[in-house]
Amino acid sequence: MSGFILEVKNLIKYFPITKGIISKPVGAVKAVDDISFSINKGETLGLVGESGCGKSTTGRCILRLLEPTSGQILFNGQDIAKLDSLKMRLLRKDIQIIFQDPYASLNPRLTVGDMIAEPLRNFGIGTRKTQEKRVQELLEIVGLSPYHTSRYPHEFSGGQRQRIGIARALSVNPKLIVCDEPVSALDVSIQAQVINLLKDLQKEFSLTLLFIAHDLSVVKHISNRVAVMYLGRIVELADYKNLYREPMHPYSQALFSAIPIPNPRLKKNRILLEGDVPSPINPPSGCNFHTRCPQAIEICRHQKPVLKEHKTKHLVSCHNLNFQQRRCTGTD
Amino acid sequence: MKTIKDINTTITPQPLVDDKFTKSGGLWQDTFKRLKKNNIAVFGAIIIGILFFCAIFAPFLAPHDPENGILKDRQQPPSEKYLLGTDSQGRDVLSRIIHGAGISVQIGVISVGIALLFGTTLGVLSGYYGRWIDVGIMRLVDIMLAFPTILLALAIVTILGPSLKNAMIAVGIVNIPRFARIVRASVLSVKETEYVEASKAIGCTDVQIIFRHVLPNCLAPIIVQATLTIGTAILEAAGLSFLGLGAQPPMPEWGAMLADSRGYLRQAPWSVMYPGLAIMLTVLGFNLLGDGLRDALDPRLKE
């Protein structure tokens, strides 16, 4: 159905806060609060936002590493959120994840060869011989050498470890890979290598990527479309060109104005937000950005804005978008 | 965009620059190196080495028969013929101690084996699955911990009947809670790591996750606890034997030797002193090695 490989509908993930010996729930951290988006086959959707806004939680819910509180996750039209554990295990072949920290995501007690072959063994793909061959192939694909199979993770650098992680994710020929900040723990030069590796692999194996990051330039480089999250909700979702050229949501505007430009002469109008991100335990009523929004109006305090298409394929969730235009005409 | 592409040094295989220097082995080699530097731990290891040596080669090392004494030579003080003297039935104390080493090793290994097997199982179940399983198992463990160990062991032996085998079982059972707690704690911390999450993502079953990813990374504290517990297990079993509930005469078990000879403390102090000393040294050895292992396995103590 349609060109979507993944459709997320009204995904909600609350982490209950419990108290006392009988674990009485006293509240919830609203990590992901009703978000919807979809990813086309073969594209890269970037997911950006500041720390704690629910990016990683979203990624983990898609893989069912965290159980979503409610909502639908349609993968090729099939609702993942409702699968039982056995069916989900089989489906994991098609959805893989690359983790943020290459130092924490590799089991220190397994050799690289065992690690990369593990998914193949779990899904019973091939014989021992073909698995070994596949491991060597994968190591070459990600830019390591076949003789690395018998080594342990601690013998590698961060970038090399991340390549091992990528090789492991690729081993089962997944259709969708969730990249959970795959480069934020790496040096800038290594970041570029890994990003370009991902891009090349995407072309070669026609992969679909959900690319979670907080580094806006990295996201711009790799993504086709970008979604901006704030406090568990998507505030804007658009083509990367449109979003980076003219962000519409006030939060995105502030966010993108903070991208450093490598030109000291260029003066930039930075929009500085005041205050801190409110707690996701008790998010503000209405639009949860209204406490810091420079253009908040009365309705923002009471009513949740909906993600609506304001221009072609440019979705924004804001009550007061006209403000922008008014301000522009005003200064003219 | 272009600039990032330019920085990229393509994806050709990069040889590891430090190929020759990465030989520094894994966790175990590093641990062994650190352990060797710890003199006290080495001392403990030497004591244990001697113990095992005696246990294996007892028939060749012991100068006399450990179970049948020569009555006319009873309660002889240490001399050239009987290096550590004889007991009230004319049995050579040294020979009995040497043969007792094997029994002590058996007690230590078997009872700790029992405790390890059941304790680890309970700890893994409770740490990995959590929720009511955890609550149930941990309350059971709490109840067991509330009993003084020797009292609980006494009760178990009384039910099973006095014999060395039952004493080992009792000591094993008594030590289950400690292992359960330690394993649970380390499973809890390993369970939250990213590589366990990763193993879920690549389709591992719970059993695979536990045996391939969780348990191998919990080994360090388990090994330390096992080493330390061997010491206490030997002590507890000796205690049971002393009370007549463990090894039965004429078996040369150290605790039983103490019990046999305690009536002659004044006439033949050597027959009480040396078995006691053997117990003390053995327990000391395991404790020193255990402490050393704990330090060596703790990554925070890396220079």
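A residue counts as buried if 20 or more other C-beta atoms lie within 10 Å of its own. The model discussed here is predicted.

**Strand β7 of chain A**

Strand β7(A) spans residues 176–180. The strand is mostly covered, with five of its five residues buried. A:Leu176, A:Val178 and A:Asp180 point one way. A:Ile177 and A:Cys179 point the other way. Both sets are buried.

β7(A) pairs with β6(A) and with β8(A), as tabulated here.

| Partner of β7(A) | Residues | Sense | Bridges | A bridge pair |
|---|---|---|---|---|
| β8(A) | 208–212 | parallel | five bridges | A:Cys179 with A:Phe211 |

A:Cys179 has A:Phe211 of β8(A) as its bridge partner.

A helix also belongs to this part of chain A. Helix α6(A) covers residues 188–205. Together, β7(A), α6(A) and β8(A) form a β-α-β unit, and that unit is right-handed.

**A helix pair in chain B**

Helix α4(B), residues 93–129, packs against helix α7(B), residues 164–191. Their axes are 5 Å apart. The packing angle is about 40 degrees. The crossing of α4(B) and α7(B) is right-handed. What residue classes make up the contact of α4(B) with α7(B)? Its residues divide into 21 nonpolar, eight polar and four charged.

How values were computed. Residues numbered from 1 in each chain as written. Chains lettered and ligands numbered in written order. Predicted model: local features only at pLDDT ≥ 70, side-chain atom pairs only at ≥ 80, totals over all residues. Buried ≥ 20, exposed ≤ 12 C-beta atoms within 10 Å, placed from the backbone. Helix = DSSP H or I, 4+ residues; strand = E, 2+ residues; numbered from the N terminus. Pairing = 2+ DSSP bridges. Right-handed = clockwise from strand over helix to strand, strands pointing away. Axes fitted to C-alpha atoms, helices over the stretch in contact; angles between N-to-C directions. Left-handed = near helix turned anticlockwise from the far one by under 90°. Nonpolar A, V, L, I, M, F, W, Y, C, P; charged D, E, K, R; others polar.
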